Amino acid sequence: MALELARRGVQVTVLESGPRHDPRQRGEYVRRYLRGENPWRTPLAELDRHTVSGTTPYPLEGGRARGVGGSTLHWEGYALRLHADDFRLRSLHGIADDWPISYQDLEPYYARAEQALGVAGAADDPWASPRSMRLPLPAFPFSYSDRLFGRACRSLGIAIHSLPQARNSVAYSGRPQCRACSTCHVCPTGAKASIDLTQVPEAEATGNARILTDATVLRLEVDHSGAVSAAVYARPDRVERRVTARVFVVAAGAVETARLLLLSVSRDFPDGLANRSGLVGRFFMSHPSIDVTGRAREKVHPYRIGFSTAMSQQFAVDRNRATRGAFFLEFLNSAGPKPDRIAATSGLWGDALRQRVREEFGRWLGIRIYCEQLPDPANSVSLDARVRDYFGNPVPHLHYNVGSYEQRALDEAKTVAGSILTTLGLSEIRSGNLTFAAHQIGTHRMGTDPHASVVDPDLRAHDVPNLYLVGSGCFVTASSSPPTLTIAALAIRAAEHLASQLRHSAVRPSDSCSDAATQLG
Ligand SMILES: Cc1cc2nc3c(=O)[nH]c(=O)nc-3n(C[C@H](O)[C@H](O)[C@H](O)COP(=O)(O)OP(=O)(O)OC[C@H]3O[C@@H](n4cnc5c(N)ncnc54)[C@H](O)[C@@H]3O)c2cc1C
Ligand code: SF4
């Protein structure tokens, strides 16, 4: 959003709650990651406090990152488009709601997002929706185990294809080719796209974007006309400061964007900013996920590539989704116990231990399932005033359940994955525990009806003319695909709209963000 506005001459001030991570520190970060630490952990841990409830509480720890680059510092990099059907669940299957925009509306912006992030992949997905441009980078080659999966899938009539990802299969945009070093949650080379490397430097180079780090927005203030007039923020010294601007964009992730709105109460908005519908924080979604694994007689060479290279979208589209969700299958390149775990559980020592590790390691194959979740107003982000964050504000409370719609899809997916592993002749086939992707979706949904949604199709808040809410919080439904490429496409589209609004208003783009920061405290 900042880059797209800045390159159109709009002055942008970004208030980022976390620090700026120096890319030269990545070697040290990898060492910490390999020791089991999360180097992206928020320095002020109390900022990430939250509470949970529900039958399947959603685990937020490690599910987002604060810092310049946001959660893309930590993400895996899988960069899928949503399918055209994902935008039309109500029309096609009579459930949930349609998006107010179609796949065709978003398609040109998907193409631009793929160029911007550098997505590698091939046109080999038989279920893909039409595209206007090829992906900018060639697909990563299939791994040894992908080829095994391919044979089994073919005999079962299941299509397997490359997994699109924002990772350099060849050098791209000044960043090097991926070295398959397998620490992608902390990429030491910059081959994996992360916003601090791919968009921020370009935005700052325009001279129109400045980034204030360690600056947490505490609330947004409105003026007598009901427009946002200032963002009140604080640094670790807890002193309140303000930034005034013509237009405000909140892009703090689905949980924190909802919380910031709920914290921003005023006479005009007693239930939270932009919340006349009462829907801010509602319809929280993620992707329930399960791994199905099995043991092979022969070595299958996992862990040679740290990321997955093949998937199947066959069960994500082109099926009746009225009663059970879509799901996709990710064919894992890293399954089963690693040598340290085999050693630690062996009870052996010396040569016997060495022999056991050599024999046991590398015999497991796995398939990860990601399942679509239906929007449910009861799944929500609200404020929990019993617990306070570093600045004394109520923390977010996540209430979350997985319903029968998702459970039916997971059961079907486990059967499909199990049949692939059985066809491969594996033994000890088992399903892991239910987990959840680090994808937070819903909470400020998009729509044309101000009573039934929070933002309009351009991501402008229905209730507040100079407020835009950008991110996966605006998704109407979750699809089974990961959200980030769609977030990027929607951000580019919203920025284009906003820049044109500014061009046609009395205000020159360069005036659109004032530099007034007043220390209050
Ligand atoms: C481990 C992991 C793996 C993932 N893998 C994938 C994947 O393979 N594919 C995929 O599509 N997605 C994946 N994701 C999700 C992906 O990272 C997010 O969808 C994406 O980064 C969201 O982008 P965003 O800019 O909307 O929010 P974020 O990236 O979360 O950025 C929000 C920013 O807002 C800042 N902020 C929050 N509150 C405030 C405040 N009050 N004041 C100032 N700043 C604030 C935060 O510090 C943060 O930098 C993964 C996430 C994780 C954690
Ligand atoms: S495997 Fe590639 S993307 Fe992953 S950490 Fe290594 S260089 Fe980066």
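**Strand pairing, ligand site and pockets**

Histidine 397 of β14 is the bridge partner of serine 382. Strands here are DSSP runs of E with at least two residues, helices are runs of H or I with at least four residues, and both are numbered from the N terminus. Two strands count as paired if DSSP finds at least two bridges between them. The model is predicted, and local features need pLDDT of at least 70, side-chain atom pairs count only at pLDDT 80 or more, and totals for chains, interfaces and linings use all residues. Residues are numbered from 1 along each chain as its sequence is written, chains are lettered from A and ligands numbered from 1 in the order in which they are written, and side-chain values use heavy atoms, with hydrogens and water left out.

β13 and β14 run antiparallel and are joined by six bridges. Their hairpin has five residues between the strands. Within this hairpin, glycine 392 takes a positive phi near 85 degrees. β14 (residues 394-399) also pairs with β2, in the parallel sense, over three bridges. Here valine 52 stands opposite leucine 398 of β14.

Together these strands form an open sheet of three, in the order β2-β14-β13, with mixed pairing. β2 (51-53) and β13 (380-388) are the edge strands, each pairing on one side only. On average, neighbouring strands of this sheet are turned by 35 degrees against each other, direction ignored.

Leucine 220 stands opposite alanine 231 in β6. Five residues lie between the strands of this hairpin, where glycine 226 takes a positive phi near 90 degrees.

The ligand site was examined next. Ligand 2 is surrounded by 14 residues, each with a heavy atom within 4 Å of the ligand. The closest are Cys178, Cys181, Cys184, Cys187 and Thr189. This shell divides into eight nonpolar, three polar and three charged residues. Ala, Val, Leu, Ile, Met, Phe, Trp, Tyr, Cys and Pro count as nonpolar, Asp, Glu, Lys and Arg as charged, and the others, Gly among them, as polar.

The space taken by ligand 2 is the largest cavity. A cavity is a set of points, on a 1 Å grid over the protein atoms alone, where a 1.4 Å probe fits but cannot get out; a pocket is an open set with protein on both sides within 12 Å along at least five of seven lines; lining residues have an atom within 4 Å of a point. One cavity of 30 Å³ or more is found in the whole structure. The largest cavity has a volume of about 90 Å³. It is lined by 15 residues, with Cys178, Cys181, Ser182, Cys184 and Cys187 closest to its centre. Nine of the lining residues are nonpolar, three polar and three charged.

The second largest pocket holds about 360 Å³ of space. Its lining comprises 28 residues, and Arg81, Asp125, Ala128, Ser129 and Arg131 are the closest to its centre. α4 (103-117) and β3 (161-162) each supply at least two lining residues.

Terms used:
A molecule sits in a cavity or pocket if more than half of its atoms lie within 2 Å of its grid points. Axes are lines fitted to C-alpha atoms, for helices over the stretch in contact, and angles run from 0 to 180 degrees between N-to-C directions. Grid points are joined across faces, edges and corners, and a volume is the space filled by probe spheres set on the points.
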